[in-house]
Amino acid sequence: MYSPLTTPADEHRALAAQQEASAALGVTVEGRWLWGCQGRTLGQQAHHPDHGACWLRLIFAPAEQAKGKLWEGTKDAAAAFAGVR
């Protein structure tokens, strides 16, 4: 497990983004937060009312860097494991 983002303001923005994402997706997050390397990702166990247990992971980067291999993982995983939500 890594540390959260370097400033309290960045950590606050990340947690607010997670709340917004969980509300938009209709999931309830639970358990502790897990920060990725240098605070670039934030993950937490979640529960969806129709699909059950899941994982909510957010990636943080400037908009101009939101491309490439890092951003294709979810699409590739969905194709490889079609039965897993």
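Leaving aside its neighbours within four places in sequence, with which residues is Ser 22 in contact? The points below take up this question after a survey of the fold.

1. Basis and composition. The model under review is predicted. Its chain comprises 2 helices and 3 strands, and these elements follow one another from the N terminus in the order α-β-β-β-α.

2. Overall dimensions. Taken along the principal axes, the box filled by the C-alpha atoms is roughly 40 × 30 × 25 Å. Of the 85 residues in the chain, 22% count as buried.

3. Contacts along the sequence. Where contacting residues in the chain stand at least 6 apart in sequence, 33% of the contacts join residues at least 24 apart.

4. The sheet. The 3 strands make up an open sheet, ordered β1-β2-β3, with antiparallel pairing. Its edges are β1, covering residues 28-35, and β3, covering residues 52-59; each of these pairs on one side only. From one strand to the next, the twist averages 20 degrees.

5. Pairing of β2 with β3. Strand β2 spans residues 41-48, and its antiparallel pairing with β3 extends over 8 bridges. A residue-level detail concerns His 47, which stands opposite Ala 53 of β3.

6. The helix on the sheet. Helix α1, formed by residues 8-25, lies across β1, β2 and β3. The direction of helix α1 makes an angle of about 145 degrees with β1.

7. Ser 22. This residue belongs to helix α1. Ser 22 counts as buried because its relative accessibility is 8%, whereas the cut-off for that class is under 20%. As to the opening question, once neighbours within four places in sequence are left aside, the contacts of Ser 22 are Val 27, Val 29 and Leu 56.

8. Charged side chains. The chain carries 8 positive and 8 negative side chains. The centres of these two sets are 7 Å apart.

Definitions and conventions. Residues are numbered from 1 along each chain as its sequence is written. This is a predicted model: local features need pLDDT of at least 70, side-chain atom pairs count only at pLDDT 80 or more; totals for chains, interfaces and linings use all residues. Side-chain values use heavy atoms; hydrogens and water are left out. Two strands pair if DSSP finds at least two bridges between them. Helices (H or I, at least four residues) and strands (E, at least two) are DSSP runs, numbered from the N terminus. Axes are lines fitted to C-alpha atoms, for helices over the stretch in contact, and angles run from 0 to 180 degrees between N-to-C directions. Contact means heavy atoms within 4.5 Å. Buried means under 20% relative accessible area, exposed over 50%, partly exposed in between (1.4 Å probe, protein chains only). Lys and Arg count as positive and Asp and Glu as negative; His and the chain ends are not counted. The place of a charge is taken as NZ of Lys, CZ of Arg, CG of Asp or CD of Glu.
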